[in-house]
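Here is a protein chain for a first look. The questions below take it piece by piece.

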Amino acid sequence: MECDACEDGFTETVACTPTTNRVCSDLTKPEIIVTATHGSLVGNILTLEVNSEPGALAATAEDTSGSAFISSAVYTPSPTISTAQLGDSQSVTFTASDGNPDNTVTRTITILVVDTQPPVIVPSVQPQGFVFEAAIEVDVEAAILANFTATDNVALASGATLISNAAATVSLFALGTVRVVVRLNGTDTSGNEAAPITVDVTIVDTTPPVRVISPTTDEFTLVFNTRQNAFSVRTLSLPPVSSL
C-alpha cells in the first residue's frame, strides 16, 4: 500500500508497512511567547519601576503543528501584578499544550520591582540666591539649608541629611558672590543618589558708619565695615566750643 506522508510538525513514530499506514505523532513541545505592555522583559524576568503602571502580560503558544494553545496563566501570589512593593516575590506561570499530553510546557515570568529614581532636592521657594549682610552673626549654612528638603518616591535611607559647603566657602567678612553646593549626605533605600543643587550666596554691606560721641572727651568715633576687616575705627577730635 502507499503510505501517507507525515504533515508538518509531525514525526513518524510507526513505520509504513505493506499492510499498514505509517503513524505520525506530534512530538514537538510548544513554545510560549510572552510580551509585556510595560517595563522591560528580558528572558524570564519582567522589570518594573516601583509605583509605576504595571501593565499586562500576554502569552501565545506556537509549534510546528499549528495546534498549540495557552491552557492556563497562574499569578502568584495575587491575580494581578502590583508595583507597590520592591522585590521579586511575584510571578506568572503560563502553561501551553498542543493536545498531546506529553507536549505540555510551562514558562514562569518573575516580576522584579525596582527603584531607580533618585531622591530630589527641592527648594521650599524658588530663590534667585541668598543675600547676607556683612559681619552679622548668622549661621549661613543653617539659613540656606532651611530652604531645602529632600524627597524620594519610596524613602530616604536612615541618616540621609542635607548638607552644604557653605561653612568652607562663605565668609561674612568678604563682600561678593560665591557658589554654594547643597547635596544629600546619603541615598534613598535603594542606593540612588540625589543630584546636588548650586546656589549663589552674596555678601553685601548696606550698614552705614556709626558715629559715637564720647560724653567725657572731646572725641568722636566712626565705626564702619571694610572689605579687609570686620570693622574699622577712627577717632577724631572735636573742635573747641566757645564759651557763651
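Q: Is Cys-24 buried or exposed, or does it fall in between?
A: This is a predicted model. Cys-24 has a relative accessible area of 27%. Buried would need under 20%, and exposed over 50%. Cys-24 therefore counts as partly exposed.

Q: Which cysteine is joined to Cys-24 by a disulfide?
A: A disulfide is a covalent bond between the sulfur atoms of two cysteines. Here the S to S distance is 1.9 Å, and the cut-off is 2.5 Å. The partner of Cys-24 is Cys-6.

Q: How many residues apart in sequence are the parts that Cys-6 and Cys-24 tie together?
A: Cys-6 lies in the segment before E1. Cys-24 lies in strand E2. The pair therefore ties together parts whose separation in sequence is 18 residues.

Q: Is the disulfide of Cys-6 and Cys-24 left-handed or right-handed?
A: Look at the torsion about the S-S bond. For Cys-6 and Cys-24 it is about -80°. The disulfide is therefore left-handed.

Q: Which cysteine forms a disulfide with Cys-3?
A: A search of the whole structure finds two disulfides. In the one with Cys-3, the sulfur atoms are 1.5 Å apart. This link has 75° about the S-S bond and is right-handed. The partner of Cys-3 is Cys-16.

Q: Where does Cys-16 lie?
A: Cys-3 lies in the segment before strand E1 (11–14).

Q: Is Cys-3 buried or exposed?
A: The cut-off for buried is under 20% relative accessible area. Cys-3 has 15% relative accessibility. Cys-16, at 30%, counts as partly exposed. Cys-3 counts as buried.

Q: What pattern do the disulfides of the chain follow?
A: Cys-3 pairs with Cys-16, and Cys-6 with Cys-24. Count the bonded cysteines along the chain. The pattern is 1-3, 2-4.

Q: Which residues have the most contacts inside the largest nonpolar core?
A: This core has 20 residues. A second, separate core of 15 residues includes Val-34, Leu-46, Ile-81 and Ile-109. In the largest core, the residues with the most contacts are Phe-132, Ile-144, Phe-148 and Val-201.

Q: Which residue forms an aromatic pair with Phe-148?
A: Phe-148 touches several residues, among them Ile-121, Leu-162, Val-182 and Phe-130. A search of the whole structure finds one aromatic pair. Its rings are 6.3 Å centre to centre, with 50° between the planes, which is tilted. The partner of Phe-148 is Phe-130.

Q: How many residues apart in sequence are the parts tied together by Phe-130 and Phe-148?
A: Both Phe-130 and Phe-148 are buried. Phe-130 lies in strand E11, and Phe-148 in strand E12 (residues 148–151). The pair therefore ties together parts with a sequence separation of 18 residues.

Q: Which backbone oxygen does the side chain of Asn-192 reach at 2.9 Å?
A: Asn-192 sits in the loop between E14 and E15. Asn-192 is buried, with a relative accessible area of 15%. A polar atom of its side chain lies 3.4 Å from the backbone oxygen of Gln-117. The backbone oxygen at 2.9 Å belongs to Asp-115.

Definitions and conventions. Residues numbered from 1 in each chain as written. Predicted model: local features only at pLDDT ≥ 70, side-chain atom pairs only at ≥ 80, totals over all residues. Heavy atoms only, no water. Core = buried A, V, L, I, M, F, W, Y, C linked by side-chain atoms within 4.5 Å. Buried < 20%, exposed > 50% of the residue type's maximum accessible area, 1.4 Å probe, protein only. Contact = heavy atoms within 4.5 Å. Helix = DSSP H or I, 4+ residues; strand = E, 2+ residues; numbered from the N terminus. Polar contact = N/O pair within 3.5 Å; in protein donor to acceptor, adjacent residues only side chain to side chain. Phe/Tyr/Trp six-rings, centres within 6.5 Å; stacked < 30°, edge-to-face > 60°. Lists of a residue's contacts leave out its neighbours within four places in sequence.
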